[in-house]
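These are my notebook entries on a chain that I wanted to look through element by element.

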Amino acid sequence: MNARSDELRNALVAVMQQMEASGLNHGTAGNASARWGDKFLVTPSGIPAAQLTPDSIVEIDRSGAYEGDFRPTSEWRMHVGLLAGRPDINAVVHCHSQYATTLACANKPIPPLHYMTAVSGGPDIRVAPYALFGSEELASVVISTLEGRRACLMANHGQIALGRTPAEALMIASEVEVQASFYYGTLAIGGPVLLSNEQMNDVFSAFLSYGQKPKKEV
Ligand SMILES: [Zn+2]
């Protein structure tokens, strides 16, 4: 373990503890991962967030071979497959948050009902087809559903989000949960009024110039 690995291990522990504290995740559900050179760091199997330490984070390679005494999350295939195939991201967060999972259990994608639906990287938030937890098939359907996207629901299971850092992946997972709660709420009052393709395209253009930018040099 070296300094950079320590930093990433700490970030993964922090993400799991923040998910628990914010109610996004509970118990031993949910997991997180990050790229570590040509290997990967993933959360261990079956350890509640409160008991996680940087040392319990597992270093694993593409084949599933891992270092140390802790077994990796049962979803390591999904994490490793995403990190290996997506050079645009470095971290993955998966959880069973309440509203996202409610919609996932109804197999309902989230339509463009709010401009922040675009946090998924597209105008809607897709649902990956159901497959057994931890299976190669689940990894495969999630990877293909996430093509060109940063987040999706997982049918009858939960949600997953991708980021450049563990903190960014968590931020996206949190926003997916908010969007899911909005959709759930509008379904109770007659359904949402959706934004048009043109309105969502304007959102993507506006995102490109949103936030803090370096000042122009004079
Ligand atoms: Zn899960």
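In which hand does helix 3 pass helix 5? I looked this up in what is a predicted model, and found that helix 3 passes helix 5 in a left-handed crossing.

**Entry on helix 3 and helix 5.** I noted an angle of about 60° for the packing of helix 3 and helix 5, whose axes are 7 Å apart. Helix 3 is therefore oblique to helix 5. On the side of helix 3 I listed Tyr99, Ala100, Thr102 and Leu103, which meet Val176, Glu177, Ala180, Ser181, Tyr183 and Tyr184 of helix 5. Sorted by class, the residues of this contact of helix 3 with helix 5 are seven nonpolar, two polar and one charged.

**Entry on helix 2 and helix 4.** I then took helix 2 (residues 76-85) and helix 4 (residues 136-145), which pack at an angle of about 40° with their axes 8 Å apart. That angle makes helix 2 oblique to helix 4, and the crossing in which helix 2 passes helix 4 is right-handed. Helix 2 contributes Arg77, Met78, Gly81, Leu82 and Gly85 to the contact, and helix 4 contributes Glu136, Leu138, Ala139, Val142 and Ile143. I have the contact of helix 2 with helix 4 down as six nonpolar, two polar and two charged residues.

Next I followed the strands, and found an open sheet of seven strands in the order 3-2-1-4-7-6-5, with mixed pairing. Strand 3 (58-60) and strand 5 (127-128) are the edge strands, each pairing on one side only. Strand 1 and strand 2 (residues 39-42) run antiparallel and are joined by four bridges, with Arg35 having Phe40 of strand 2 as its bridge partner. These two strands form a hairpin with two residues between them, and Gly37 in the turn has a positive phi of about 60°. Strand 2 in turn pairs with strand 3 in the antiparallel sense over three bridges, and there the bridge partner of Leu41 is Glu59 in strand 3.

I also checked strand 6 (residues 151-154) and strand 7 (residues 158-163), which run antiparallel and are joined by four bridges; Met154 stands opposite Gly158 of strand 7.

**Entry on helices lying across the sheet.** I recorded that helix 3 (residues 98-105) lies across strand 5, strand 6 and strand 7, and runs at about 120° to strand 7. Helix 5 (residues 166-187) lies across strand 1 (31-36), strand 4 (91-95), strand 6 and strand 7, and its angle to strand 7 is about 140°.

**Entry on Pro109.** I located Pro109 in the loop between helix 3 and strand 5. Leaving aside residues up to four places away in sequence, Pro109 touches Asp124, Ile125, Arg126, Val127 and Leu153. Pro109 and Tyr183 are 74 residues apart along the chain, while their C-alpha atoms are separated by 9.6 Å.

**Entry on Asn201.** From C-alpha to C-alpha, Asn201 and Pro123 are 8.2 Å apart in space, although 78 residues apart in sequence.

How values were computed: Residues numbered from 1 in each chain as written. Predicted model: local features only at pLDDT ≥ 70, side-chain atom pairs only at ≥ 80, totals over all residues. Axes fitted to C-alpha atoms, helices over the stretch in contact; angles between N-to-C directions. Parallel < 35°, antiparallel > 145°, perpendicular 65-115°, else oblique. Left-handed = near helix turned anticlockwise from the far one by under 90°. Contact = placed C-beta atoms within 7 Å. Nonpolar A, V, L, I, M, F, W, Y, C, P; charged D, E, K, R; others polar. Pairing = 2+ DSSP bridges.
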